[in-house]
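The following note sets out numbered points on the model shown below. Each point is intended to be read with the structure at hand.

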Amino acid sequence: PKTLQVRGRVQYRDDLGTFTTLLAHPIVNDGTITNLGINFRRKGEVVVFDYPGASRERRLRARWTTSELPYIHSFGLTENTALIIDHPLRVKTHRLLWSNRGLIDSFDWNPSRGTRLIALDLQTGQVREHETETLFCFHTAHAFETKDAIVLDLLAYDDASIIPRLKLPALLN
């Protein structure tokens, strides 16, 4: 607890394998942890999985592939649906190769791409896409379903210009 030294890697006993990264905040509900595994590949992949907190066996809930992965810091979750904000801050994976720069420096903001909400059905894995106004989002706050709709509360910015203001040099000024 006095250092941030890693004591070891968590080893899972399932077939999901390893992910390039886990960038999103996990969501804990009634002792079950739900999170996103992200793979930077030729086609980006986001895998929704969950597991009981003490278990080391993850259950695949849904999968989404895309030609360019958005920056994903959090996601929405209802009883039946995982919600990903596919905004126009996209990773350029080739910038990750042979680079000492931070991960965030590998992303480009392209507002002409627009923003989509990706709804992943947790029972069937079906992917639905819904277009919305262009925005950037770090955090979702709450998600729920009604008889007629899925509602997602999130903190939206007009663009990604907040990111440079959160880097250490800017915060030290």
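1. Helices (H or I, at least four residues) and strands (E, at least two) are DSSP runs, numbered from the N terminus. On these terms, helix 2 spans residues 168-172 and contains L172. The model is a predicted one, in which local features need pLDDT of at least 70 and side-chain atom pairs count only at pLDDT 80 or more, while totals for chains, interfaces and linings use all residues. Residues are numbered from 1 along each chain as its sequence is written, and side-chain values use heavy atoms, with hydrogens and water left out.

2. Overall architecture. The protein chain has two helices and twelve strands, and from the N terminus on the order is β-β-β-β-β-β-β-β-β-β-β-β-α-α. Buried residues account for 40% of the 173 residues; buried means under 20% relative accessible area, exposed over 50%, and partly exposed in between (1.4 Å probe, protein chains only).

3. Nonpolar cores. A nonpolar core is a set of buried Ala, Val, Leu, Ile, Met, Phe, Trp, Tyr and Cys residues joined through side-chain atoms within 4.5 Å. The largest has 26 residues, and L36, V46, I84, L120 and F136 touch the most other members. Elements giving two or more residues to this core include strand 2 (32-39), strand 3 (44-52), strand 4 (59-66) and helix 1 (162-165). A second, separate core of seven residues includes L83, A119, C137 and L152.

4. A salt bridge is a side-chain nitrogen of Lys or Arg within 4 Å of a carboxyl oxygen of Asp or Glu; the structure holds nine. E45 pairs with R63, with the closest N and O atoms 2.6 Å apart. This pair joins strand 3, which holds E45, to strand 4, which holds R63, across 18 residues. E45 is buried at 8% relative accessibility, whereas R63 is partly exposed at 37%. R61 and D50 also form a salt bridge (2.7 Å, N to O). R61 lies in strand 4 and D50 in strand 3, so this pair ties together parts eleven residues apart in sequence. R61 is buried at 13%, as is D50 at 5%.

5. Other charged pairs. R58 and D14 meet in a salt bridge (2.8 Å, N to O). R58 is in the loop between strand 3 and strand 4, and D14 is in the segment before strand 1, 44 residues apart. R58 is buried, with a relative accessible area of 10%. D86, R90, R116 and E129 are linked in a network of salt bridges.

6. The loop at G125. G125 is found between strand 9 (115-121) and strand 10 (127-132) and is partly exposed at 24% relative accessibility. Beyond its neighbours within four places in sequence, G125 is in contact (heavy atoms within 4.5 Å) with R61, A62 and R63. The C-alpha atoms of G125 and A62 are 4.4 Å apart, although the two residues are 63 apart in sequence.

7. A backbone point. Most residues other than glycine have a negative phi. Phi of D30 is near 50°, a positive value. D30 lies in the loop between strand 1 (27-29) and strand 2 and is exposed, at 78% relative accessible area.
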